[in-house]
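Subject: Structure handover

Dear colleague,

Please find the structure below. My notes on what turned up in it follow.

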Amino acid sequence: MNSNGSWKDKLARRNHLGSWVSTLRTEGTRPTISFGGGLPDPASLPTEALAKSINYVLKNHSEAALQYGGTEGYEGLRELLAKKLSENGTTLKASNFVIVNGASSALAHACSLFIDPGDTVILEDPSYSGSISTIKFAEAKMVGVTMEPGGLDMEMLGKKLKELAKEKISPKFFYSIPNFHNPMGSTMSLEKRKALLEYAREYDFLIIEDETYTALRFDGNPVPSMYILDKGHRVIQIGTFSKTLAPGLRLGWVMGNEEIIEYITSRRTDMGSSPLIARAIAQFIQDGHYEPHLAKVIDIYRRKRDTLIAGLGERCANLAQWTAPEGGFFLWLNLKKDIDPQMLRQAGAEEGVSVITGSNFYLNGGGKDKVRMAFSYVSQNQIEEGVVRVDKVLRRLLSSSKSK
Ligand SMILES: Cc1ncc(COP(=O)(O)O)c(C=O)c1O
């Protein structure tokens, strides 16, 4: 690359909006106990069964697997998804799905379909930093709505919608992570889902429902999705096999009414997602590996969550508060004091533990008294020692903030 950096003059405007990927790349590779990235349990990655599925596909459907597969994605997998995700009397069809490269790519497709630069998107504040970046790179204006411990602050949403309407601004969509929220771990109640849908109808915006963690429920009862409550009129769902199977598969989907799916499919310029991987996952499901694998990982994550909460309860109860998530990968700590994010990173590196400061997930600052701990990646044995280190880090930060 030209060393005088002239290629940088050619960068599209949106690239000056920042980058987040480099922080992810280092997660899990440091010789620390990592409560950082939302990565699946490494020991449970279904390597052997996937290898069998991939081999089977290559042996029996090599041409279909290795040629271009079409922008809608392998029909067999879309049919399986339709069967799996139909609930409460709503019957989904393969044509309600397009296969994409993970939930992040699903959101990018939705953004490219709906967002012109300067359009308004509403989202939960805090929200998943990768999704914030995707929406930012689409050059949307983001309006955040505060999250309360029990979910979205509906009164605030109502107020913001009124303010926007006064300015004649009609938001394009609301991006929500209703189940086992990243970073908060919380689940949106049925009442709040219904209220959000009411607002969507009144103020005429779409809802993008990110179901990345939905299949990983440890306890409590599932809450009907907004897609199902709305019968797919103004809700688009995005999902992924990244957390249930493996993120390296890079396989997810957009689920929506047939017209929306047709729009995404026909405007796609990346020639579709990998037919080999889509067929291998379908084979994996058909061979009966998926459900037992899911049950196994749910059990693993439930035990990890419980060990983490028990450890924190013993050591850190006077430093922070938290609510046990009913599923997913994350525990959200409310600290008794603000922390300096730089100090958290540095102290964590010195003590050999990584967590993520809440400020990474907020739109306009905030979150300096919050910490996200992913319990998914650390081994069960590491959690106790990890909590000892987190306790040391928090005490160090607390005493340094006292002495200021
Ligand atoms: C809420 C949420 N959405 C989307 C993603 C991206 O997932 P994928 O690997 O399917 O692109 C993540 C990953 O952490 C996430 O937490």
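A residue is called buried under 20% relative accessible area, exposed over 50% and partly exposed in between, with a 1.4 Å probe and protein chains only. The model is predicted, so to speak for local features a pLDDT of at least 70 is needed and side-chain atom pairs count only at pLDDT 80 or more, while totals for chains, interfaces and linings use all residues. Residues are numbered from 1 along each chain as its sequence is written, and side-chain values use heavy atoms, with hydrogens and water left out.

Helices (H or I, at least four residues) and strands (E, at least two) are DSSP runs numbered from the N terminus. A polar contact is a pair of N or O atoms within 3.5 Å; within protein, one must be able to donate a hydrogen and the other to accept it, and residues adjacent in sequence count only if both atoms are side-chain atoms.

Asp-41

Asp-41 sits in the loop between β1 (33-34) and α2 (47-60). With a relative accessible area of 7%, Asp-41 is buried. Its side chain makes a polar contact of 2.5 Å with the side chain of Lys-304. A polar atom of the Asp-41 side chain is also 2.9 Å from the backbone nitrogen of Ser-44.

The ligand

The ligand is surrounded by 13 residues, and the closest are Ser-104, Asp-210, Tyr-213, Thr-240 and Ser-242. Here a residue is near a molecule if one of its heavy atoms lies within 4 Å of it. The shell has 4 nonpolar, 6 polar and 3 charged residues. For this count Ala, Val, Leu, Ile, Met, Phe, Trp, Tyr, Cys and Pro are nonpolar, Asp, Glu, Lys and Arg are charged, and the others, Gly among them, are polar. Helix α5 (residues 102-114) gives the most to the shell, with 3 residues.

A backbone N or O atom of Ala-103 is 2.7 Å from an oxygen atom of the ligand. A polar side-chain atom of Asp-210 lies 2.7 Å from a ligand nitrogen atom, and an N or O atom in the side chain of Thr-212 is 3.2 Å from a nitrogen atom of the ligand. Taken alone, the ligand exposes 400 Å², and the protein buries 93% of that. Accessible areas come from the Shrake-Rupley method with a 1.4 Å probe; for residues, only the protein chains shown count as cover.

Helix α8

The 14 residues of α8 (residues 190-203) should span 20 Å at 1.5 Å a residue, and the end C-alpha atoms are 20 Å apart, which agrees. The expected span is 1.5 Å times one less than the number of residues. Buried in α8 are Lys-192, Arg-193, Leu-196, Leu-197, Ala-200 and Tyr-203. Seen down the axis, the buried residues fall within an arc of 145 degrees, so they line one face of α8; the arc is that of the directions from the helix axis to the C-beta atoms. Glu-191 and Glu-202, on the other side of α8, are exposed.

Backbone geometry

Most residues other than glycine have a negative phi, and most peptide bonds are trans. Just after α8, Asp-204 takes a positive phi of about 55 degrees. Lys-168 has a positive phi near 60 degrees and is exposed, with a relative accessible area of 75%. Cis peptide bonds join Asp-125 to Pro-126, with omega about 15 degrees, and Asn-182 to Pro-183, with omega about 15 degrees.

Regards
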